[in-house]
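Please keep the sequence and the 3D view open as you read.

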Amino acid sequence: MFPERRMRRMRRRIVQPLLRETELRKTDLIAPVFVDESISAPIPIASMPGQFRHPVDGVADYCERLRHAGIRAVLLFGVPAAKDGEATGAYAADGVVQRAVRNIKERLPEMVVVTDVCACEYTDHGHCGIVGETADGPDLLNDPSLALMARIAVSHAESGADIVAPSCMLDGMVRAIRQALDAAGYQDVLIMSYSSKFASALYGPFRDAADSGFSFGDRTTYQICPGNAREAVMESELDAAEGADILMVKPAGAYLDILAAVAGFGLPVAAYQVSGEYAMIKAAAERGWLDERAVAIETLMAIKRAGADLIITYFAEDAARWLDEEQ
């Protein structure tokens, strides 16, 4: 006896587009951009094929290319010429990110500019804030680092950033930044918090790209253990209560369960398809083991299906072109 409901009739090729439950759009995508203060021309990132560090004076050219492709938002990471123990370059008025923001907004005022608010690229020890002695030895100090993050965020807002994105996973970082932005008159600047950020092995290529490796220890005292789901959801819940406008889950692909849970809070949610996720697809495709386009689109669709409103991905420009070709 044939079943009364035949699911395959809904998969006829002619009706598939009408019944697709999840649609990936170019406006879902945010492109990460690395800006290097010490270079005069783009240089390739070896562990991330197709990605580059861009010079401060040339980053607007690249962003204009992204805008023409249909990408409306970028997330900036700075690579400074000098580092120190206090991350002073992170909040300097003439810092690499501050100059890059001004250049982009002058050329492309309609481009949404998001800035990563952290200190790991700017400290000589590579940790995400102020380091000092703790009961367990040298480590990131939480409360002294809050003032640093607030100062960085305000400097980005002064330069024209539309959204600041604290990634340091400090307790209280969203509240500290919100209070500082409001006090400085930047009530309209949004906070996109890296609210559920895991201590993942998938960040390796990024540390090459941003020169943000650490000189001692690890980041497991401030980033979340990959096995801890309840803790990860609570982190986002706390950041929502502190005033985050957008929450984020990072990495994306291996943490779709967390993404789905965080999406239930009702705030917009971003997911970061990180450097290791990108690099694995690129490496397999280069060897002919995977179809890069098909796998990239499938993974982005899965992230969207799990609840992401925004997807930060190194495939942004390519994905925009692929989506155009599908129409």
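## The largest pocket

The largest pocket is lined by Met7, Met10, Arg11, Gln16, Leu19, Arg20, Glu21, Thr22, Met301 and Arg305. A pocket here is an open set of points on a 1 Å grid over the protein atoms alone, with protein on both sides within 12 Å along at least five of seven lines, and lining residues have an atom within 4 Å of a point. The space in this largest pocket comes to about 340 Å³, where a volume is the space filled by probe spheres set on the points, and grid points are joined across faces, edges and corners.

This is a predicted model, in which local features need pLDDT of at least 70 and side-chain atom pairs count only at pLDDT 80 or more, while totals for chains, interfaces and linings use all residues. Residues are numbered from 1 along each chain as its sequence is written, and side-chain values use heavy atoms, with hydrogens and water left out.

Which elements each supply at least two residues of the lining of the largest pocket? They are α1 (16-19) and α10 (292-306); helices (H or I, at least four residues) and strands (E, at least two) are DSSP runs numbered from the N terminus. By class, the lining has four nonpolar, two polar and four charged residues. Ala, Val, Leu, Ile, Met, Phe, Trp, Tyr, Cys and Pro count as nonpolar, Asp, Glu, Lys and Arg as charged, and the others, Gly among them, as polar.

## The second largest pocket

About 210 Å³ of space lies in the second largest pocket. Ten residues line this pocket, and Arg20, Glu23, Leu24, Leu323 and Glu326 are the closest to its centre. Two or more lining residues come from each of α10 and α11 (316-326), and α11 gives the most, with three. This lining has four nonpolar, one polar and five charged residues.

A cavity is a set of grid points where a 1.4 Å probe fits but cannot get out. Of its 15 lining residues, Cys120, Lys197, Phe206, Arg219 and Lys250 lie nearest the centre. Strand β9 (190-197) and helix α6 (204-210) each give two or more residues to the lining, which by class has six nonpolar, three polar and six charged residues.

## Backbone details

Lys250 also takes part in a cis peptide bond, to Pro251, with omega near -5 degrees. Pro251 sits in the loop between β10 (246-250) and α8 (256-263).

Ala87 is not a glycine, yet has a positive phi of about 55 degrees. This residue lies in the loop between β4 (73-79) and α3 (96-107) and is buried, at 0% relative accessible area. Met169, also not a glycine, has a positive phi of about 60 degrees; its place is the loop between β8 (163-166) and α5 (173-183). Met169 counts as buried at 5% relative accessibility, since buried means under 20% relative accessible area (1.4 Å probe, protein chains only).

## The nonpolar core

The largest nonpolar core has 104 residues, and Val74, Leu75, Leu76, Met149, Met192 and Tyr272 have the most contacts inside it. Helix α4 (residues 142-159) gives the largest share, eight residues. Such a core is a set of buried Ala, Val, Leu, Ile, Met, Phe, Trp, Tyr and Cys residues joined through side-chain atoms within 4.5 Å.

Leaving out residues up to four places away in sequence, Val74 touches several residues, including Ile30, Cys63, Leu66 and Val113. Contact means heavy atoms within 4.5 Å.

Conventions: Buried < 20%, exposed > 50% of the residue type's maximum accessible area, 1.4 Å probe, protein only.
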